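Dear colleague,

I am passing on the structure we spoke about, and below it you will find my notes on what came out of the analysis. Please read them alongside the coordinates.

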Amino acid sequence: MTSIPHTHLIPSSAPGRGKVGMACLIFAECWFFAGFIVAYLFYIGKSSSGPLPREVIDIKPVLLNSAALIASSFTVIAALRGLARSNMGVFRFWMLLTIVLGGYFIYGTAMEWRGFIVDHHLTISTNLFGTTYYSLVGFHAFHVIVGLCLLTTILVLSLMGHIHVVRDHLRVELVSWYWHFVDAVWIVVFTTVYIVGMRP
Amino acid sequence: MTTAPIHPTSETSMGFGSRVHSWVISVDHKKLGMMYIGAGLIFFVLGGIEATLMRLQLLKPLNDVLTPHGFNQMFTMHGTTMVFLVGMPVLLGFGNYLIPLMIGARDMAFPRLNAFGLWLFIFGGLLLYYSFIGGDGLYGMGGAPDVGWFAYSPLTSKAFSVGHATDYWILGIMVSGFGSMTTAINFMATIVCMRCPGMTFMRMPLFVWLMFTVGILVLLALPVLTGAQVMLLFDRFLGAHFFDPQQQGSVIFWQHLFWFFGHPEVYILILPAFGMICEIIPVFSRKVIFGYPLMVAATLSIAFISLGVWVHHMFSVGLPPWLNSIFAASTFLIAVPTGMKMFNWIGTMWGGNIRFTVSMLFATGFLVMFLFGGLTGIMLAVVPFDWQLSDSYFVVGHFHYVLFGGTMLAVFSAVFYWFPKATGRMLSEPMGKWTFWMFMIGLTLTFFPMHLSGMLGMPRRVYTYQPGRGFEIWNLISSSGVPFQIVGVLLLMTNIIKSLINGRVAGPDPWDAWTLEWATSSPPPSENFPKIPTCTSPRPLWDRKHPEDPDCFYE
């Protein structure tokens, strides 16, 4: 053993296992969404009966919705900054704002679905547009709800005084990664459904 | 280094109930790995029984061992079991057991997630097999799934698959798939973050490299299958139209999604086998693996190219010729890195001081059988050839050479190689040699004639055939290989049980090997290493045994 030069002992400088784990989860989720996005693109304009996207989609509330979700990505960054400075008041304020913005997004999606179902009689079984739209947007909304549950858990824990900067900063950061991912997926979904899918 | 492992003694002093309890609640990667392999081998026996029933039915023309419907259930359950409940868990189990030991870690990155993955797999498998009892649904139709392991639309639609057979197929595979994904996340995090000091990526054992690549492929391919299965569930339960041609849905779309998963899945099943061979051949040839960096590069290129070959499963669908040509070309291309590996293994054996232990015999058998299966694979990549032989017994012969002759022979080789490490006991070599020859004879008898009956025109998945078409003799020979394989399985099981009771004590390093799992006692203590090892070269244990001539001088 003594003759082995110590220069060969390269210390490992790997990232934390939590970061790798979350990155892998997000990677897998990307491929899950890819299936539904390809399905949407593949079935654009193939519905054998109405209603069609151009007849039912109202883009204005969706834009407001999207703005709220994208803004929530920035508010969660502000919350993390507050946490890093141990300023729990700032942290809680921005976390609350993030949850409110995410909640508004879900409310907007619910209103859009209500309009489709009640006013236009478009359900998942009406035509291919309904099938692909409700699955893609629905799975995204489901992920937003999961993210909201995680963020709310963190906020409640911090209000109970269970969030410690040194121990929990990485955990909160990983949840914020998930939230950014949900946001990024929405940009792709928005492009697919509300821009590409609106072509005549 | 002086502290003796405490956990084997403390375990034998426990009662049976508390021993079972300690396994059920365990988060130790070694116990979980062994449970993966054990559960996989139980499903292997179930899948083997299904195959035996099929071979009995096809023994002679117009036989009536199975009903047509029963035959459909048997081939569906056989394929699904062997791919999802045998291949993946056994290989992931070996990864679970070996990765932390090989990289000098105390456990996986997320031990509790690891246990969660195992129990998801077991629950998914039980869910699939519960279909034999609960799949009848409201109309008393169904039972076990009967739509084939790739479950093509529109066979799976509500109209053609009444009852809940297909739902059990979807949910069973989906649940065990979630288990595989959590395990893949664990592999990635473990390999990236938990390596011992000095264990750089290019010093990792090739098995670890191969499992790393498998982790990427699992994370990439399985979510697509899960997505497709969710679409199918929506079609069946919510009246969606993803795969419903009456509403302009496309049945071909299912095939694209399934095979986009399905072809990387083939590599998920073969890359770990490559990894095992990469560890076993050098040790029994007494030579360093030939072309380590090239092996890594070939592995990564196989994984990359495997994403772009799936249409070769769909040549007979009638897709445009330019599309078929592209996928034929990419399929030829993937043979190049695979061929590199083949030559590297032969290059490792070349001029080596080969010891033909049972493990090495299986590894050599793997080289021969996998080469044969690989070559028929290249034949099937030729589009006109595929048009003639698609969905014939030629294809069945091809993929059994790859999956049984390839993956399973490598697994048997690995069982003989690492059993001493996991249990502290050697398997019987004479009995192992009988096992090897039983499998080689059985495999060749069963699967070689399938190529001939396929070329004569026998389609796969038919429950019987007419006399006088020239199929009789080849089917008779195929079925006659089954008893040999049954004897092989029984010999292996006897060997395992006998060796557990009174096998020769192995000691920490029975094969004079070089990787870190042999640096600790057999079986390893629950913390794996009393002191975290350090790594100075790709063969850390060689360095420790030969301090006057360590590997790191030649790096």
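In chain B, residues 24 or more positions apart account for 80% of the contacts with a separation of 6 or more. Please keep in mind throughout that this is a predicted model. The secondary structure of chain B comes to 17 helices and 0 strands, and its radius of gyration of 23 Å is close to the 24 Å that the globule rule gives for 555 residues, so chain B is as compact as a globular protein of that length. Its C-alpha atoms fill a box of roughly 70 × 50 × 40 Å along the principal axes, and 56% of the 555 residues count as buried.

Chain A is likewise built from helices, with 6 of them and 0 strands, but its radius of gyration is 21 Å, well over the 16 Å that the globule rule gives for 200 residues, so chain A is more spread out than a compact globule. The box filled by its C-alpha atoms, taken along the principal axes, is roughly 80 × 45 × 20 Å, and buried residues make up 32% of the 200 residues. Among the contacts in chain A between residues at least 6 apart in sequence, 84% join residues at least 24 apart.

As to confidence, chain A averages a pLDDT of 91, and 92% of its residues score at least 70. The stretch to treat with caution is residues 1-12 of chain A, where pLDDT stays under 50; for these residues the model has 21 contacts beyond four places in sequence.

One element of chain A that I looked at in detail is helix α6, which covers residues 165-195. At 1.5 Å a residue its 31 residues should span 45 Å, and the end C-alpha atoms are 42 Å apart, which agrees. Its buried residues, including W179(A), F181(A), W186(A) and F190(A), pack against α1 (17-42), α3 (59-84) and α5 (128-159) of chain A.

Turning to the interface, 35 residues of chain A are in contact with 40 residues of chain B. On the side of chain A that touches chain B, the elements that give two or more residues are α1 and α5 of chain A, and α1(A) gives the most, with 15 residues. By class, this side of chain A has 20 nonpolar, 12 polar and 3 charged residues.

The largest nonpolar core holds 207 residues, of which I103(B), M188(B), V208(B) and I277(B) touch the most other members. Its largest share, 21 residues, comes from helix α8 (residues 251-285) of chain B. If residues up to four places away in sequence are left aside, M188(B) touches V20(A) and C24(A) in chain A, together with F212(B) and G215(B) in chain B.

Finally, a loop residue: where does L516(B) lie, and is L516(B) buried or exposed? L516(B) is in the loop between α16 (482-502) and α17 (540-545) of chain B, and L516(B) counts as buried because it has 26 C-beta neighbours inside 10 Å, where 20 or more are required. Not counting residues up to four places away in sequence, L516(B) touches L101(B), M102(B), G104(B), P533(B), P540(B) and L541(B). The C-alpha atoms of L516(B) and C535(B), which are 19 residues apart along the chain, are separated by 8.6 Å.

With best regards

Key: Residues are numbered from 1 along each chain as its sequence is written. Chains are lettered from A and ligands numbered from 1 in the order in which they are written. This is a predicted model: local features need pLDDT of at least 70, side-chain atom pairs count only at pLDDT 80 or more; totals for chains, interfaces and linings use all residues. Helices (H or I, at least four residues) and strands (E, at least two) are DSSP runs, numbered from the N terminus. The expected span of a helix is 1.5 Å times one less than its number of residues. A residue is buried if 20 or more other C-beta atoms lie within 10 Å of its own, exposed if 12 or fewer, and partly exposed in between; C-beta atoms are placed from the backbone. Two residues are in contact if their C-beta atoms, placed from the backbone, lie within 7 Å. Ala, Val, Leu, Ile, Met, Phe, Trp, Tyr, Cys and Pro count as nonpolar, Asp, Glu, Lys and Arg as charged, and the others, Gly among them, as polar. pLDDT is the predictor's confidence in each residue, from 0 to 100. A nonpolar core is a set of buried Ala, Val, Leu, Ile, Met, Phe, Trp, Tyr and Cys residues joined through C-beta atoms within 7 Å. The radius of gyration is taken over C-alpha atoms; the globule rule is 2.2 Å times the number of residues to the power 0.38.
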